[in-house]
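I opened the model to look up a few things and kept short notes. The entries follow in the order I made them.

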Amino acid sequence: MKQLKLDGLIAATTTPFAEDRSLRLDDIAPMVDQLIASGVRGLYVCGSTGEGMSLRADERKLVAEAAISASAGRVPVIVQVGHNSLAEARKLAQHAEEAGADAVSATCPSYFKIGDVETLVQSMGDIASAAPGTPFYYYHIPALTGSSIDITEFMRRGGDRIATLAGLKYTNTLLHEFQSCTRVDPERFDVVWGCDEMLLGALATGAKAAIGSTYNVAAPLYLQVMSAFESSDHASARELQFRSVEMVEVMKRFPFHAALKAMMQMLGMPGGPCRLPIENLDVDAIDGLRQQLDEIGFFQWCGHEIN
């Protein structure tokens, strides 16, 4: 099996769409180039930020291939393959491995909720077995999947029964639970933080890597947070992290995904609209978003050239 240890910031990438909501695959390469230039050290493709659940299976394969090609080995690419159909998830996992993904990740099914650890181990093991040569990261995001199981126990049992289980994308706000996960088998497992506005707290509890949506637009800010923390300049780290808090608060006043894509457009990364059922921003809303971002100084400290 491939060996992989994630570190630093991994951007949960968006999926570029044309105005008719068809894929714009040609926009992926320049987006990847700009993200890597901004300091991200990995790409997480077709996740929540990438509207993976709104894509057909064939579209997800095309997006994965385009991201892997655009990365050209410069940073690892993790492909999210979760699906309400485990059979479809297996096909996506197999394709990701064949396409050269550095890791496969999956949410659990979300229509029929998983309510116990044993079922989750069986389900994720079924998906992971379709990519036997590729590290597998479970994507824990209970706010969207509705599955609030004992995630630490999943790692213990999954470690015994899922040969490729390499870690966890932890998208929740329970720092004590996150810390428990990091202690299960630190030599084997990457436990990757997934709540951008709480990165500093995660660093304090042992995070070495983080996957997030706002790293698309403010990776240099978060790198400063990490640098200040590593230098024990905690006052600066707190002040820098608060900029992220303010940014996310602004974004949450709008449909979040649409706001993120609008911000990327402002920074020279065309992404187009979102697909239904996500609401898009009209011209007035985009102007309002830009004004509120300007009020918090976003364009001065985000670290990107402004379009």
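**Entry 1: pockets**

I looked up the largest pocket and found a volume of about 560 Å³. The model is predicted, so I note that local features need pLDDT of at least 70 and side-chain atom pairs count only at pLDDT 80 or more, while totals for chains, interfaces and linings use all residues. Residues are numbered from 1 along each chain as its sequence is written, and side-chain values use heavy atoms, with hydrogens and water left out.

I wrote down what a pocket is: on a 1 Å grid over the protein atoms alone, an open set of points where a 1.4 Å probe fits, with protein on both sides within 12 Å along at least five of seven lines; lining residues have an atom within 4 Å of a point. A volume is the space filled by probe spheres set on the points, which are joined across faces, edges and corners.

Which residues lie nearest the centre of the largest pocket? I found Ile 141, Thr 171, Gly 194, Ser 213 and Phe 256, out of 26 lining residues. The elements giving two or more residues to this lining are α5 (142-145), β8 (209-212) and α11 (256-266). Helices (H or I, at least four residues) and strands (E, at least two) are DSSP runs, numbered from the N terminus. The largest share, three residues, comes from α5. I sorted the lining of the largest pocket into eleven nonpolar, eleven polar and four charged residues. Here Ala, Val, Leu, Ile, Met, Phe, Trp, Tyr, Cys and Pro count as nonpolar, Asp, Glu, Lys and Arg as charged, and the others, Gly among them, as polar.

The second largest pocket has a volume of about 440 Å³. Its lining has 23 residues, and Ser 48, Gly 52, Met 53, Ser 54 and Leu 144 lie nearest the centre. By class I noted nine nonpolar, twelve polar and two charged residues in that lining.

**Entry 2: two helix pairs**

I looked up helix α2 (residues 57-71) and helix α3 (residues 86-99): their axes come within 10 Å and cross at roughly 25°. Therefore α2 is roughly parallel to α3. Axes are lines fitted to C-alpha atoms, for helices over the stretch in contact, and angles run from 0 to 180 degrees between N-to-C directions. Angles under 35 degrees count as roughly parallel, over 145 as roughly antiparallel, 65 to 115 as roughly perpendicular and the rest as oblique.

On α2, the residues making the contact are Ala 57, Arg 60, Lys 61, Glu 65 and Ile 68; on α3 they are Glu 88, Leu 92, His 95 and Ala 99. Contact means heavy atoms within 4.5 Å. I counted this contact by class as four nonpolar, one polar and four charged residues.

How do the axes of α11 and helix α12 (residues 283-295) cross? They come within 11 Å and cross at roughly 70°, which means α11 is roughly perpendicular to α12. Ala 259, Ala 262, Met 263 and Met 266 of α11 meet Ile 286, Leu 289, Arg 290 and Leu 293 of α12. That contact has seven nonpolar, no polar and one charged residues.

**Entry 3: the loop between α11 and α12**

A cis peptide bond joins Leu 276 and Pro 277, with omega about 15°. Pro 277 is in the loop between α11 and α12, and Ile 278 lies in that loop as well. Leaving aside neighbours within four places in sequence, Ile 278 is in contact with Glu 51 and His 257.

I then looked up Glu 51, in the loop between β2 (43-45) and α2. Glu 51 is not a glycine, yet has a positive phi of about 55°. Most residues other than glycine have a negative phi, and most peptide bonds are trans.
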